Amino acid sequence: MEVKLKIFRFDSKGDKEPHYDTFIVEAKPTERVLDCLNRIRWEQDASLAYRMSCAHGICGSDGMTISGTSALACQKLVKDYDYSKEILIEPLRFFPIIKDLVVDMTPFFSREKSVHPEGRIALTPTDEGREHLQSIRERAQFDDDIKCIMCACCVSACPVNLKEDPSYVGPAAILRAHRYIFDSRTQDPLERMRIMDKPHGIWECKTYFKCTEVCPKGIRVTDRILEAKRKILGELHLVK
Amino acid sequence: MIQQYDAVIVGAGIAGLTAAMKASESCNVAVVSKVYASRSHSGAAQGGIAASLGNEEEDHWEWHMFDTVKGGDYLVDQDMAEILAREAPERIIELEHLGVPFSRNKDGKIEQRRFGGHTKNFGEAPIKRACYASDRTGRVIMDTIFDHCLVRGVKIYDELFAKSLLITNKKCCGVAGYDLATGEMEIIHAKAVMLATGGCGRIFKTTSMSFAATGDGFQLAFDAGVPLEDMEFVQFHPTGIRGLGILISEAARAEGGILRNNSGEQFMERYAPTLKDLAPRDIISRAILVEIQAGRGIDGSDYVNLDLTSIGKKQLQLELSEIASFAKTYLGIDPSEAPIPVAPTCHYMMGGIPTDAVGRVLVDGNKKPFPGLYAAGECACVSVHGANRLGTNSLVDLLVFGRRAGEDIAKYVKENSLPPLPQDAEATASKEISRLLELTGKERIATIRDETQKVMMDKCSVFREKKGLEQALNKIRELKNRWENVGLTYNGKSYNYELEDALELGNMLKLAEVIVFSALRREESRGAHYRNDFTERNDENWLKHTLVFQTPEGLQVSYKPVTVTRFEPKARKY
């Protein structure tokens with residue numbers, strides 16, 4: 001079957017304006033969008049730039065905007081889209097575009113790093129040679145968080161990041177902070193709550209639920225953000 | 001550009017980052033990765049990490065060591081397996097203290113589950129030894145160590161492809177890397193270099209490995225005159241999703257999953273009466289293919305079913321949510337209701353760059369270290385996996401030997417001065433890239449790659465024999481010649497993935513030749529290396545490691561003895 005893909009093209013070293021190229025590839029409806037892109041790069045146009053590695057939704061390399069929505073190209077199949085027309089492939093939104101579908105991920109990883117207090121990740125001290133004890137229930141508190149693969153789909157779909165406050169720390173970093181705030185082993189969860197409590201921090205979230213809608217790992221990101229907000233409100237703001 | 005560090009580590013998976021974290025306590029470390037560091041394939045490890053913590057039932061490191069030796073069909077160096085099994089519990093506790101979110105049991109301790117080939121009391125019955133975090137164990141370990149590297153100031157170079165090792169007076173002193181973003185060469189000048197680049201599964205048509213697993217690290221060492229050890233031992237994991245090769249963790253069988261043939265029979269009962277579906281991977285992969293060859297594949301076709309329907313929806317969601325989502329995404333199957341079609345998929349290289357117990361690369365393959373050069377993880381061969389690796393033993397290998405390498409690197413850089421760079425290091429490397437960009441040959445990369453993957457899968461995977469291996473060797477040599485005549489259709493500088501593909505394909509072809517060459521010479525069946533024409537293990541002639549050297553006259557083979565300490569080789573039955 002022939003599938004038509006309309007792909008965003010732009011080279012920040014040279015092009016003034018982006019344009020779109022259309023490619024037709026042979027693909028089955030059950031094949032991955034990534035398979036189509038690979039066929040294009042390997043057989044038709046070697047200049048097409050996009051990142052990919054594991055090809056099964058684990059490494060987080062191939063986040064892009066597919067027919068208007070942030071997604072991983074290796075996790076979406078041709079049949080997930082109306083392939084009788086064309087599948088529109090664009091880079092992740094929000095991030096500076098370097099070439100075609102390759103974006104500058106620096107703004108993403110600097111946000112991830114910003115949730116750690118000055119150079120350390122401290123857990124409560126415990127006996128040498130023994131693990132911390134943590135109940136199944138305590139561990140479950142942050143089970144959603146550790147599914148994150150840092151693909152940046154959530155940030156690129158977040159209306160706050162996109163329109164309201166470009167400096168907003170964004171859903172993925174809040175999820176990272178949630179992971180430590182809700183881990184019973186964290187030495188001082190208040191430190192991370194204070195980081196989240198700053199301007200452009202957690203209070204910028206307006207619960208649009210876009211992060212949750214697009215998350216390729218099915219993480220209930222908005223729920224976790226709300227949990228963190230409640231915790232921060234209780235610990236830092238409400239008079240006890 | 002030339003940058004200086006005490007040490008540079010190639011590869012940002014768990015072995016590389018563990019070494020970086022350790023070495024960075026006392027020296028200045030850079031990590032280079034051809035993908036974004038957090039994309040490394042250690043993150044895809046699913047089921048668990050072995051350690052005799054004994055949180056669920058009595059366990060001892062000696063039992064773990066025995067299982068590792070027997071699992072490796074006695075080709076394991078037992079002094080190294082002893083280190084692995086003894087140090088595993090410490091490493092797990094250390095990970096927990098770093099913040100790795102292991103799943104917990106009702107006592108609040110790290111939960112452990114069963115895994116293939118891990119047994120109690122030297123083979124009696126399966127044992128719960130695999131520590132885990134649902135089915136994303138590798139991901140959470142890698143992310144945690146990555147976070148620690150970031151806060152400790154390890155410099156990470158993302159998307160830098162290690163093109164060659166820099167060597168002055170037989171000492172390794174850095175890496176020349178091709179920067180994908182700029183198309184320029186970066187010279188990382190350092191007293192010590194560590195290779196931690198993972199496997200090369202992309203040589204085979206069906207693999208669970210990422211596109212990045214093209215064996216670049218093996219090739220860097222091989223080109224520097226180091227032999228490759230035991231490369232004929234390639235693990236095919238029994239349960240890859242049919243056609244795609246995407247891994248369905250052994251944890252699925254640990255949780256109660258059963259392999260069934262076309263009549264619904266649990267056929268592993270016939271092949272491994274004691275461990276059944278939790279037998280080691282080599283044995284199950286062969287059993288699946290024997291069933292298929294006997295016409296007992298599903299619908300007489302080329303796959304069997306992995307039946308998880310007895311596990312229950314809730315347990316699946318709790319312990320195996322990743323693989324449940326793979327089945328749903330790629331097959332439209334809910335594994336609590338319908339079986340998953342599976343077939344063997346290339347999963348792991350037992351062989352690799354010979355190293356000693358502290359990660360030093362052995363330039364003669366035997367005793368003599370290559371000054372300044374280290375390796376750990378899948379690209380190294382220490383050898384703890386022998387002829388077949390047990391599930392959950394790779395993550396522990398990365399931690400135990402990655403850490404040991406990191407420690408020794410820190411010591412080495414204190415005691416040694418920085419060798420000068422080879423003359424014109426930068427110019428030489430740039431010239432090579434320019435040469436590649438101007439290649440105008442008629443051969444296409446994708447075609448040669450497809451043919452390589454096909455012949456390796458057909459002739460050099462689970463079942464092998466002399467005639468097929470000879471055909472494969474000829475074919476690979478023909479493809480190598482054709483690669484010399486490859487042309488690039490794009491010569492832009494920024495994000496030229498075609499150039500990267502060409503470099504990777506060159507590496508893959510050389511490694512394919514070493515694998516076939518080694519397999520052809522080993523006239524016995526042991527672990528993952530099965531010869532239809534020599535179906536028995538032959539300890540008298542073949543209880544030895546293969547070493548393949550690159551010489552001007554072509555590949556040369558030699559052998560070295562296996563270290564046997566506690567466990568004399570015995571027949572391997574499960």
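Modeller: A salt bridge here is a side-chain nitrogen of Lys or Arg within 4 Å of a carboxyl oxygen of Asp or Glu. The model is predicted: local features need pLDDT of at least 70, side-chain atom pairs count only at pLDDT 80 or more, and totals for chains, interfaces and linings use all residues. Residues are numbered from 1 along each chain as its sequence is written, chains are lettered from A and ligands numbered from 1 in the order written, and side-chain values use heavy atoms, with hydrogens and water left out.

Colleague: Why is the pair B:Glu407 and B:Arg403 called a salt bridge?

Modeller: The N to O distance is 3.2 Å. The limit is 4 Å, so the pair qualifies.

Colleague: What separates B:Glu407 and B:Arg403 along the helix?

Modeller: About one helical turn, because they sit four residues apart in helix H11 of chain B. Helices are DSSP runs (H or I, at least four residues), strands likewise (E, at least two), numbered from the N terminus.

Colleague: Why is B:Arg403 called buried?

Modeller: Its relative accessible area is 15%. Buried means under 20%, exposed over 50%, partly exposed in between (1.4 Å probe, protein chains only), so B:Arg403 is buried. B:Glu407, at 38%, counts as partly exposed.

Colleague: What makes the salt bridge of B:Arg537 and B:Asp73 a link between distant parts of the chain?

Modeller: The closest N and O atoms are 2.6 Å apart. The two residues are 464 residues apart. B:Arg537 lies in the loop between strand E20 (530-531) and helix H16 (539-542) of chain B, and B:Asp73 in the loop between helix H2 (61-71) and helix H3 (78-98). B:Arg537 is partly exposed at 22%, whereas B:Asp73 is buried at 7%.

Colleague: Which salt bridge joins B:Glu451 to a partner?

Modeller: The one with B:Lys475, at 2.8 Å between the closest N and O atoms. B:Glu451 is in helix H13 (residues 445-459) and B:Lys475 in helix H14 (residues 466-483) of chain B, 24 residues apart. Both count as partly exposed, B:Glu451 at 23% and B:Lys475 at 24%.

Colleague: How do you know that chain A and chain B are in contact?

Modeller: Contact means heavy atoms within 4.5 Å. By that test, 61 residues of chain A are in contact with 54 residues of chain B. The rule also finds four salt bridges across the interface. A:Arg176 meets B:Asp147 at 2.7 Å, N to O.
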